[in-house]
Amino acid sequence: MNKLFYPAVFHVAEEGGFWVTFPDLPECMTQGDNMQEAYEYAVDALGLALTSREHEKQPIPAPTEISQITVNTNEYCAIIEFDMLAYKKRTNSKAVKKTLSIPEWLNEEAIALGINFSQVLQDALMQKVGAKL
């Protein structure tokens with residue numbers, strides 16, 4: 001569930017710019033002064049809505065097929081791509097302490113080389129979970 005794709009409706013605002021809604025997430029809305037800004041804000045708003053639902057143990061709805069979305073005059077439908085893992089990396093960098101065991105000889109060699117144990121473990125875990133460094 002790392003990459004998700006949700007339809008968003010971009011409404012032309014009378015005062016200029018766009019306001020954005022998500023048919024599958026009624027609590028999720030944003031706006032922007034132009035299409036690019038509105039799209040970027042839509043990605044962040046989608047991330048906040050989805051991670052909030054996940055944190056509160058609420059269901060994450062399946063995205064509606066774009067062919068099922070109807071738009072009116074001055075409205076446009078676009079698919080918003082959201083990378084859950086990248087969003088979590090960007091917004092939750094709280095460190096968590098972990099205890100682990102390695103052979104004594106390896107510890108001594110790594111210390112002699114000035115290796116940062118935390119960074120090596122983070123890099124290895126990011127590679128295992130498929131995160132982009």
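This is a predicted model: local features need pLDDT of at least 70, side-chain atom pairs count only at pLDDT 80 or more; totals for chains, interfaces and linings use all residues.

Analyst: Helices and strands are DSSP runs, numbered from the N terminus. By that naming, Glu81 belongs to strand S4.

User: What is the mean pLDDT of the protein chain, and where is confidence lowest and highest?

Analyst: pLDDT is the predictor's confidence in each residue, from 0 to 100. The mean for the protein chain is 90, and 96% of its residues reach 70 or more. Confidence is lowest in H2, with a mean of 79, and highest in strand S2 (residues 18-21), at 97.

User: Let us return to Glu81. Is Glu81 buried or exposed, or in between?

Analyst: Buried means under 20% relative accessible area and exposed means over 50%, with partly exposed in between. Glu81 has a relative accessible area of 36%, so it is partly exposed.

User: Which residues does Glu81 touch, leaving out those up to four places away in sequence?

Analyst: Glu81 touches Lys3, Leu4, Phe5, Tyr39 and Val43. With Lys3, the separation is 78 residues in sequence, yet 7.0 Å in space, C-alpha to C-alpha.

User: How should I read aromatic pairs, and how many does a search of the whole structure find?

Analyst: The angle between the ring planes sets the type: under 30 degrees counts as stacked and over 60 as edge-to-face. The search finds three aromatic pairs. One of them joins Phe10 and Phe18, with 6.5 Å centre to centre and 75° between the planes, which makes the pair edge-to-face. Another joins Phe10 and Tyr39, also described by 6.5 Å centre to centre, but with 5° between the planes, and this pair is stacked.

User: Why does the pair of Phe10 and Tyr39 tie together parts that are apart in sequence?

Analyst: Phe10 lies in strand S1 (residues 3-12) and Tyr39 lies in helix H1 (residues 35-55), so the pair links parts that are 29 residues apart in sequence. Phe10, Phe18 and Tyr39 form one aromatic cluster. Tyr39, in contrast, is partly exposed, with a relative accessible area of 29%.

User: Which residues does Arg53 touch, and is Arg53 buried or exposed?

Analyst: Arg53 is placed in helix H1. Its relative accessible area is 14%, so Arg53 counts as buried, the cut-off being under 20%. Apart from residues up to four places away in sequence, Arg53 touches Asp24, Leu25, Pro26, Glu27, Gln58, Pro59, Ile60 and Pro61.

User: Where does Pro63 lie, and which residues does Pro63 touch?

Analyst: Pro63 lies in the loop between H1 and strand S4 (75-83), and its relative accessible area of 37% makes it partly exposed. With residues up to four places away in sequence not counted, its contacts are Phe5, Tyr6, Pro7 and Asp24. Asp24 is also among the contacts of Arg53. Between Pro63 and Asp83 there are 20 residues of sequence separation and 14 Å in space, C-alpha to C-alpha.

User: How should I read a positive phi?

Analyst: Most residues other than glycine have a negative phi. In this model, Lys57 has a positive phi, near 60°. Lys57 is found in the loop between H1 and S4 and counts as exposed, at 75% relative accessibility. Asn74 is found in the loop between H1 and S4, and it has a positive phi of about 65° although it is not a glycine. With a relative accessible area of 47%, Asn74 is partly exposed.

User: Finally, how much space lies in the largest pocket, and which residues are closest to its centre?

Analyst: A pocket is an open set of grid points, whereas a cavity is one from which the probe cannot get out. The largest pocket holds about 1,200 Å³ of space. It is lined by 28 residues, and the closest to its centre are Val96, Ser118, Leu121, Gln122 and Leu125. Two or more lining residues come from each of helix H2 (84-91), helix H3 (104-112) and helix H4 (117-129).

User: Which element gives the most to the lining, and what is the lining by class?

Analyst: H4 gives the most, with eight residues. By class, the lining has 16 nonpolar, seven polar and five charged residues.

Definitions and conventions. Residues are numbered from 1 along each chain as its sequence is written. Side-chain values use heavy atoms; hydrogens and water are left out. On a 1 Å grid over the protein atoms alone, a cavity is a set of points where a 1.4 Å probe fits but cannot get out, and a pocket is an open set with protein on both sides within 12 Å along at least five of seven lines; lining residues have an atom within 4 Å of a point. Grid points are joined across faces, edges and corners, and a volume is the space filled by probe spheres set on the points. Helices (H or I, at least four residues) and strands (E, at least two) are DSSP runs, numbered from the N terminus. Ala, Val, Leu, Ile, Met, Phe, Trp, Tyr, Cys and Pro count as nonpolar, Asp, Glu, Lys and Arg as charged, and the others, Gly among them, as polar. Rings of Phe, Tyr and Trp (its six-membered ring) pair if their centres lie within 6.5 Å; planes under 30 degrees apart count as stacked, over 60 as edge-to-face and the rest as tilted. Buried means under 20% relative accessible area, exposed over 50%, partly exposed in between (1.4 Å probe, protein chains only). Contact means heavy atoms within 4.5 Å.
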